[in-house]
Amino acid sequence: TTTPVKVAVTGAAGQIGYSLLFRLAAGDLLGPDTPIELRLLEITPALKALEGVVMELDDCAFPTLAGVQIGDDPTTVFDGVNLALLVGARPRGPGMERGDLLEANGGIFAPQGKALSEVAADDVKVVVTGNPANTNALIALSNAGDIPARQFSALTRLDHNRAIAQLAARLQVPVTEVKHMTIWGNHSATQYPDLFHAEVSGRNAYEAVGDHDWVENTFIPTVAKRGAAIIEARGASSAASAASATIDHARTWLQGTAEGDWVSMAVPSDGSYGVPEGIVSSFPVTVTDGEWSIVQGLEIDDFSRARIDASVEELQGERDAVQELGLLG
Ligand code: NAI
């Protein structure tokens, strides 16, 4: 028998959790032959609701689910975890300024980073989905003592998948024909979904579209504002697609990118493409043996440069704000 992989999920009683836990327990992350043990973190008032979710997990009798533990103390829940999916975050409330939001999230992600460094497995990989995801990842990694920064990343895979879907629909091709999609920058309205390096059926995507106006005024804003469009239509934020993208992100990180393709991940910048170190920004990455590398050597024209710079500037502003608040360990 194989040792179960221990996967922590925070905010487990939330909307994304309600989709994510069942996909994880069903074996969507590591396949049917790898048992998985779930470690679920919530705030105290949500533990009762979480118990109800665990009753449902039991009732699915998932063959790959080796165990479930729940709790409200990160140092207990994160003990020995190999993968931590940090989904729980503080949403922006009425009248809340950006500084308040960053501070509230710092109160979540700083202690969770600390707890991970104390008790998680040495090889732990940390994925931040909870918003503001890039900066929450920065807060967590800078409070995580001796865990190498490269073991932290934030989710832009949902934006990446949205970009693939929009492009495939426009060109009326299956999504599997789209390769080399890239989201640059922040998981926010400033993100830059890049068609200049994407390919459709082996052809340059920007040329295949052949319509700059569509790229600039339809494609980019549709991808960047998709979350708001879903809230408007559904009356609730995207949860199943965010859960699906979180699994895609973690699976790619654990099992590698497909031959000849790359994915988008927000990772601690090493200075590539003029993105300064000290922020967590989305890049095109390949993954081999559990290690990501930023794809090098792409030519960035003026159109892309301006958009990448704008998103990076926003990330630097968030970084400066959390630094001033004393949230970077
Ligand atoms: P939700 O509000 O339904 O669930 C969040 C859960 O986190 C709640 O159950 C809450 O009790 C819990 N929580 C709060 N503080 C916690 C703490 N300190 N420890 C453990 N749990 C805690 O929200 P939903 O829809 O599940 O979304 C979760 C986060 O994911 C939000 O920040 C949302 O903005 C973000 N998100 C990110 C996306 C991305 O692409 N990066 C896409 C969609 C959502």
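**A ligand between two domains**

Visitor: In this predicted model, why does the ligand lie between domain 1 (5-153) and domain 2 (157-318)?

Guide: The shell around the ligand draws residues from domain 1 (5-153) and also from domain 2 (157-318). Because both domains give residues to that shell, the ligand lies between them.

Visitor: How many residues surround the ligand, and which are the closest?

Guide: The shell around the ligand consists of 14 nonpolar, twelve polar and one charged residues. In total, 27 residues surround the ligand, and the closest are G11, G14, I16, G88 and A89.

Visitor: How many residues of domain 1 are in contact with domain 2, and how many of domain 2 with domain 1?

Guide: The C-alpha centres of the two domains lie 23 Å apart. Contacts between the domains involve 25 residues of domain 1 and 23 residues of domain 2.

Visitor: Which elements give two or more residues to the side of domain 1 that touches domain 2?

Guide: The residues on this side of domain 1 divide into 15 nonpolar, six polar and four charged. The elements that give two or more of them are α1, β4 (83-86), β5 (125-128), α5 (133-142) and β6 (152-154).

Visitor: Which residues does UniProt list for "binding site", and how far apart are they in space?

Guide: The unreviewed UniProt entry lists R92, R98, N131 and R162 under "binding site". These positions are spread over 71 residues of sequence. They are also spread in space, with C-alpha atoms up to 25.8 Å apart.

Visitor: Is R98 buried or exposed?

Guide: R98 lies in helix α4 (residues 98-119). Because R98 has 12 C-beta neighbours inside 10 Å, R98 counts as exposed.

Visitor: Is R162 buried or exposed?

Guide: R162 is found in helix α6 (residues 157-171). Leaving aside neighbours within four places in sequence, R162 is in contact with V223 and R226. There are 22 other C-beta atoms within 10 Å, so R162 is buried.

Visitor: What percentage of residues 156-322 is helix, and what percentage is strand?

Guide: An unreviewed UniProt entry annotates residues 156-322 as "domain: Lactate/malate dehydrogenase C-terminal". The end C-alpha atoms of residues 156-322 are 21 Å apart. Over this range the chain is 47% helix and 19% strand.

Notes:
Residues numbered from 1 in each chain as written. Predicted model: local features only at pLDDT ≥ 70, side-chain atom pairs only at ≥ 80, totals over all residues. Near = placed C-beta within 6 Å. Nonpolar A, V, L, I, M, F, W, Y, C, P; charged D, E, K, R; others polar. Domains from an automatic or database assignment. Contact = placed C-beta atoms within 7 Å. Helix = DSSP H or I, 4+ residues; strand = E, 2+ residues; numbered from the N terminus. UniProt positions renumbered as here; feature names shortened; annotations may be inferred. Buried ≥ 20, exposed ≤ 12 C-beta atoms within 10 Å, placed from the backbone.
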